[in-house]
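My entries follow the structure shown here.

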Amino acid sequence: MNKIYNNNSILRHNWSIEEAKAIIDQPLLDLVYQAQTIHRSNFPKNEIQKSKLLSIKTGSCPEDCSYCSQSAHHNVDLKKEPLISLEEVVHAAEDAVKEGATRFCMGAAWRGPTDRNIDQVCEMVEAVNNLGLESCVTLGMLKDGHAEKLASAGLNYYNHNIDTSEEFYNSIITTRNFSDRIDTLGKVRNAGVKVCSGGIIGMGETRYDRSEMLRTLSNLEQHPESVPINMLIRIPGTPLGNVEPLSHIELVRTIALARILMPLSTVRLSAGRAEMSDSTQALCFLAGASSIFLGDVLLTADNPGTDKDSKMLDDFGLKGETKITFKEVIKEVS
Ligand code: SAM
Ligand code: DTB
Ligand code: SF4
């Protein structure tokens, strides 16, 4: 069901692949202009949400995601760590507040959490919320009842990426199916937790796959409120460690398509910034990205670091967000 929202535009859930491809294939400047026009009508201009990430359980993951440093299937030089303590989380979240972050995301290298893990993470969520931060967790596949528990703890967002198109999915991961991801996203949505779902580009997929991934997200019954776009960080020892790098202009195109298909969602310029020039990042912001992760590590991989980012954001005249705004859907149309 399509919807009208309060600047009288249509929020569509019926994009065809031909329409998505026609958008992403436009001349670059037309595409970025269209995306920025939509961005400005829905979000405060020149604002960026600063987010912080923390790995709460690192490595030894039973899944075989070809891009990931934390899979037990790959031979990566990585310090593995069991679930960290509540105190360590609180410490990191307090630092995040001092650095100016307004969102705090915790990631665990699990196929999915156990019931006990959920209780432990719920305590962490409560502590993060108590510091005034928006909370997000990414824990893998959820069982019945898990999302409801996280919702009662006050969790704001659950991150669970579909990562690529359904067609390309099994070339990247064999230990689960695309439909498993969609299933967990449904559980999160039904429990009333906001959905954060996006993907990775630069894994050898085509522009068609990138368009399909975003079309799948935009055709869900409700758009994910948050759409992280990750540029693959090529990790030595993973099957994708030596893949041919993708042009950064393709990243700009992908971000613009996400912004156009899902006009009210926050599009996040996530992994891969350590290898991007400021100019690439400026184009990503122009294309509609309005959030970055601060700090010199993401979960396990490099990120630019707060000093470098502060300088870049100052140079661009980009400020931290003033408030979290959601446009309201005012009526449903077929
Ligand atoms: N285990 C959970 C899961 O897979 O949902 C949560 C953690 S997982 C590391 C979170 C996301 O990080 C993945 O879905 C993927 O999109 C992204 N990611 C992981 N490794 C990456 C890499 N090397 N480069 C870019 N993004 C990556
Ligand atoms: C997302 O889409 N990107 C973030 C967050 N969600 C959890 C994670 C990026 C991880 C990059 C690889 C690493 O640090 O190991
Ligand atoms: Fe495990 Fe998540 Fe890494 Fe896949 S992406 S190996 S599920 S931590």
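I took a polar contact to be a pair of N or O atoms within 3.5 Å; within protein, one atom must be able to donate a hydrogen and the other to accept it, and residues adjacent in sequence count only if both atoms are side-chain atoms. I note that this is a predicted model, in which local features need pLDDT of at least 70 and side-chain atom pairs count only at pLDDT 80 or more, while totals for chains, interfaces and linings use all residues. Residues are numbered from 1 along each chain as its sequence is written, chains are lettered from A and ligands numbered from 1 in the order in which they are written, and side-chain values use heavy atoms, with hydrogens and water left out.

Entry 1, ligand 2.
I found 13 residues around ligand 2, of which Asn 161, Asn 230, Leu 299, Thr 300 and Ala 301 come nearest. From Ala 301, a backbone N or O atom lies 2.9 Å from an oxygen atom of the ligand.

I found ligand 1 surrounded by 16 residues, with Tyr 67, Asn 161, Asp 163, Arg 181 and Ile 233 the closest. A nitrogen atom of ligand 1 is 3.0 Å from a backbone N or O atom of Tyr 67. I also recorded an oxygen atom of ligand 1 at 2.7 Å from a side-chain N or O atom of Asp 163, and an oxygen atom at 2.8 Å from one of Arg 181.

I read helices as DSSP runs (H or I, at least four residues), numbered from the N terminus. Axes are lines fitted to C-alpha atoms over the stretch in contact, and angles run from 0 to 180 degrees between N-to-C directions. The axes of H1 (residues 17-24) and H9 (residues 248-261) come within 9 Å and cross at roughly 130°. H1 is therefore oblique to H9, since angles under 35 degrees count as roughly parallel, over 145 as roughly antiparallel, 65 to 115 as roughly perpendicular and the rest as oblique. With contact meaning heavy atoms within 4.5 Å, Ala 20, Ile 23 and Ile 24 of H1 meet Arg 253, Thr 254, Leu 257, Ile 260 and Leu 261 of H9.

I found that the axes of H9 and H10 (residues 278-286) come within 8 Å and cross at roughly 15°. H9 is therefore roughly parallel to H10. In this pair His 248, Ile 249, Leu 251, Val 252 and Ile 255 of H9 meet Thr 280, Leu 283 and Cys 284 of H10.

Definitions and conventions:
Helices (H or I, at least four residues) and strands (E, at least two) are DSSP runs, numbered from the N terminus. A residue is near a molecule or strand if one of its heavy atoms lies within 4 Å of it.
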